[in-house]
Amino acid sequence: MLLTIINPNTTESMTATIGKAAAAVASPGTTVRAVTPATGPASIESHYDEALAVPGLLAEIAAGEEAGSAGYVIACFGDPGLDAARELARGPVVGIAEAAMRTASYLGRGFSVVTTLGRTVGRAEDLAEHYGVARFCRGVRACEIPVLELEDPASGARERITEECRRAVAEDGSDAIVLGCAGMADLCAHISAAVGVPVVDGVAAATRTVESLVALGLRTGDRGEFARPPAKPYTGLLRDFQLGIADIC
């Protein structure tokens, strides 16, 4: 089984971290293909970043279809382009926020999300509502660490994130923690040991979710909203994204 893990930003070192996290939980016989789009922002920390990340992400979905990918993980906690990706892919597509929140809802009465910047808190709250797990979400907390600083040892990111997770357990009364950024994927075991509750990394959760859906022979339904997009002209910078008749048959 070939799974494509898409880091929607263009930072190759973060793609490597994400790929390792996915490969660590993948089943024997599953090949993990972690990819970085050719175009897009270096990190995704705003609605603007998210919007401009989507074309590059969709290009990677198209490349994955040519490569024979059985399914896809969108490895950004905003789940950018998820619905559009589901229109294009033959196999299942899972975003890490949805996978992480649903997984955490199995582990107790409630969970807290610990993310990077405060400006992303509202997006995480909206996604919890959208995915029907808001009643389990006891809080969304930000560490005020820019995404690219997660990889800088001098930033103290690991210690700051761990301390915020510890406060979430004590103050929110949460039974589990959801890490709210794909760039935190390598911190999961350390934080769980430090704070004493299950810590869910969305990259790992999404990888196993996609594997399970593929194994069950399931994919996104395509009768209505998620049918292939209708062919029409695209112009300017988006002209290469135009779908032809052959693409939608």
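Buried denotes under 20% relative accessible area and exposed over 50%, with partly exposed in between (1.4 Å probe, protein chains only). The structure is a predicted model, in which local features need pLDDT of at least 70, side-chain atom pairs count only at pLDDT 80 or more, and totals for chains, interfaces and linings use all residues. Residues are numbered from 1 along each chain as its sequence is written, and side-chain values use heavy atoms, with hydrogens and water left out.

View A. Helices (H or I, at least four residues) and strands (E, at least two) are DSSP runs, numbered from the N terminus. Val32 counts as partly exposed because its relative accessibility is 23%. Beyond its neighbours within four places in sequence, Val32 is in contact (heavy atoms within 4.5 Å) with Leu3, Ile5, Gly19, Ala22, Ala23 and Ala26. Tyr72 is 40 residues from Val32 in sequence, with a C-alpha to C-alpha separation of 9.8 Å.

**View B. The open sheet β6-β5-β7-β8**. Its four strands are paired in parallel, where pairing requires that DSSP finds at least two bridges between two strands. β6 and β8 (199-201) are the edge strands, each pairing on one side only. From one strand to the next, the twist averages 25 degrees. Five bridges join β5 and β6 in the parallel sense; Thr115 has Ala142 in β6 as its bridge partner.

**View C. The two sides of helix α5 (residues 121-130)**. The buried residues of this helix are Val121, Ala124, Leu127 and Ala128. They lie on the same side of α5 because they cover an arc of only 125 degrees around the axis, the arc being that of the directions from the helix axis to the C-beta atoms. Asp126, Glu129 and His130 are exposed on the other side of α5. The buried residues of α5 pack against α4 (96-105), β5 (111-115) and β6 (137-142). α5 lies across β5 and β6 and runs at about 160 degrees to β6; axes are lines fitted to C-alpha atoms, for helices over the stretch in contact, and angles run from 0 to 180 degrees between N-to-C directions.

**View D. Positive phi at Asp79 and Glu144**. Asp79, although not a glycine, has a positive phi of about 50 degrees. This residue is placed in the loop between β3 (71-74) and α3 (82-88), and Asp79 is buried, with a relative accessible area of 3%. Glu144, in the loop between β6 and α6 (157-172), has a positive phi near 55 degrees. Glu144 counts as partly exposed at 48% relative accessibility.
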